Amino acid sequence: MAIAEMSHLRLIGLRREQNKILDKLTDRGMFEARATDELPGAFSSGDTGLYRELKLKQSRVAFALGFLKARHAEMAKLLAKNKIAVKKGKAEKIEYTLSDEKYKDARRLITHADFADAAAREYELLHIADELEKISFEIVEFNSRMASLKSTATEYAPFAEVPVKLSELSRDGNIVISLYYNRTSIAPNDLLNELPCAYDLWASNGMTVLTVCLKKNFAEIDKKLGSAGFSRCIFDDDCTASQKVAALEAEISDIKRALFDLNVKALGYEKYVTELCILYDVIGLDIERAEAEEKFLKTDSTFVLEGWMPARVAESVVAEVSENCPNTFIQLLAPEECDAPPTLVENNKLIKPYESITDMYREIDPNPIMAVFYFLFFGIMLGDAGYGLILAIAGFIVGTSKKFDVGIKRLALLIGMGGVSAVFWGVMFGGYFSIDFGATEVAIILNPLDKPLLLLVLSIVMGVIQISVGFIIKFVALCKEGKPFSAIFDCGSILLLFAALVCLAIGMLPSLAPMLGITVDFVPPSGLSTAAMALALAGVALILIFGGRNSKNVFGKVIGGFKGLYGLVNILSDLLSYCRLFGLCLASCAIGLAFNRLGEILMGIPVAGYVIGGIVLVVLHMFNLVLGVLSAYVHDARLQFLEFYGKFYDGGGRLFNPLGVKTKYIRYN
């Protein structure tokens, strides 16, 4: 598979047919608008007024959805607290049943009829959004009032135990009655005994003091108590502080009831959540179109648009537009050198899930090649046929279901194919839920725990193969660009060194076989060592002589050669990165084996041992499986991005972004 060829579409049509033309262009989700080239005449650019109006509409719908989600969560929290309070006998049961509306991130599956129905009911749904906004204002007002009442109640609370009306705290006449409060609970008896007054104390969340004194002594008493950290009560209500607090709490209870009723009223609109979600995306697609229209040139009666379409569908789309709008002039042009057409990759169903690993392209689509290595490496890192079977079944069930979004389905298929690879490598490694088969040999190639060095060698070999493929791709690309010498000097030299490494490894294999735990029956050709030396010298010579060829002075050319030679360290580092295949496979096997040992111990417990051991084994193996999948996914992607793509891939393109396909809440059946 490859990158789709793009056609540059230029169209001149009548303003009255603009919507009909855009409908035809966007029906298939294969048209991306671009800025229209300046043309002579009385053309003007598109108007931004419609765009602003649509954004405002969408924000109203977004607010309504967010508000309903917040009210749903608030009511769920309230009902949970009430349930606990009822059990403790501290509250009456709230008679309300919360809807089963799920505010999930996954897009809702709808039909085109549902979409059209929501679009037709736009006025009604926007009115509902406005009603929810009014309710939100009322809730804000009530919450503000309740916060104020709570603050006031907090100010009265320190004096609630004093059985004196606050209006009696007066300085009129010769006798003065005053109330003071201090947050500390230490009784100031020594201080009060020295003052010319009678007093009483109440200790509750601090210290409250009631003083009775002559008017002439009030100033002295007030000053000394103030210096000691006491604040004088300034309230003068014709009731006690406890009565005032009770009145405030009653008003707060009324507000809570009103807030509950407003929540119930708001949640009565939850039945419109799906329609509001659809309307959000209806308006979103209109916004896309309005953005595109800003790129058009217009007169009073005509408009000009330009854009990109895949060449394979361009002719048929143009034919449909011409048939429905015969007064339209349409051109299909090939991209010019100064153009920057978007990139659309077209892969089969087997490769498509791997597009989520790479999402930017330029001259080539790396996914078909990368998919093979990603598939193989994922299985090696997991290394267990039992785990792989679970992943394959779960991945393909989710990946082929219509209940899930495209992104989730692609990820599921990616994991499912990784599971198939894990089944293959698990059979090769004899890994079946890390079961120890004792003396029975079930591995076809190697057992990672018995022959770890052989697994390490296999990992390095896989790295050599992938990096070599990367340099071969770069070699071919440079030749196609008309740079054969750069291909030879930059890529050919490295390939020669890898060839030398392969020759050297084959020559040393008989002597290394005992250490790796394998038996080798062949005798390497006698000239392999000489061939390895010659290939290595040729590769090094190319790097030293031509590594600095782009420098303008002799000194730069010499330094460039040595710099290129030093760059071999980076390639060695890249090769060592493939040891993660070895490490993750070994870790998965060892952890699974340890879990099995623990399960055996638990199963030895009398009576319920098998039940306990079985449950523990399932939980622990699920943990190991999840850990293995996360590690394999991340580290496999790292090998592709850094070690593989770094050899040949620029990735500076721009993805094809057609009109009419981007939605937040919905997807079509």
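I began with D436, which comes out as partly exposed at a relative accessible area of 47%; by the cut-offs I used, buried means under 20% relative accessible area, exposed means over 50%, and partly exposed lies in between, with a 1.4 Å probe and protein chains only. I keep in mind that this is a predicted model, in which local features need pLDDT of at least 70 and side-chain atom pairs count only at pLDDT 80 or more, while totals for chains, interfaces and linings use all residues. Residues are numbered from 1 along each chain as its sequence is written, and side-chain values use heavy atoms, with hydrogens and water left out.

**Salt bridges**

I then looked up the partner of D436, and found a salt bridge with R597 whose closest N and O atoms are 3.1 Å apart. This pair connects distant parts of the chain, since D436 sits in the loop between α12 (406-429) and α13 (452-480) while R597 belongs to helix α18 (residues 579-603), 161 residues apart. R597 is also partly exposed, at 36%. For the record, a salt bridge here is a side-chain nitrogen of Lys or Arg within 4 Å of a carboxyl oxygen of Asp or Glu, and a search of the whole structure gives 21 of them.

K224 has a relative accessible area of 37%, and E220 has 36%, which puts K224 and E220 in the partly exposed class. D261 and R257 form a salt bridge with closest N and O atoms 3.3 Å apart, and both lie in helix α7 (residues 241-267), again four residues apart, or about one turn. I noted D261 as partly exposed, at 37%.

I also wrote down a network of salt bridges that links D117, R121, E124 and E275.

Two strands count as paired if DSSP finds at least two bridges between them, and two bridges join β6 (residues 175-182) to β9. In β9, R232 is the bridge partner of Y180.

**The whole chain**

I counted 19 helices and 14 strands in the protein chain, taking helices (H or I, at least four residues) and strands (E, at least two) as DSSP runs numbered from the N terminus. The radius of gyration is 39 Å, well over the 26 Å that the globule rule gives for 669 residues, so the chain is more spread out than a compact globule; the radius is taken over C-alpha atoms, and the rule is 2.2 Å times the number of residues to the power 0.38. Of the 669 residues, 42% count as buried.
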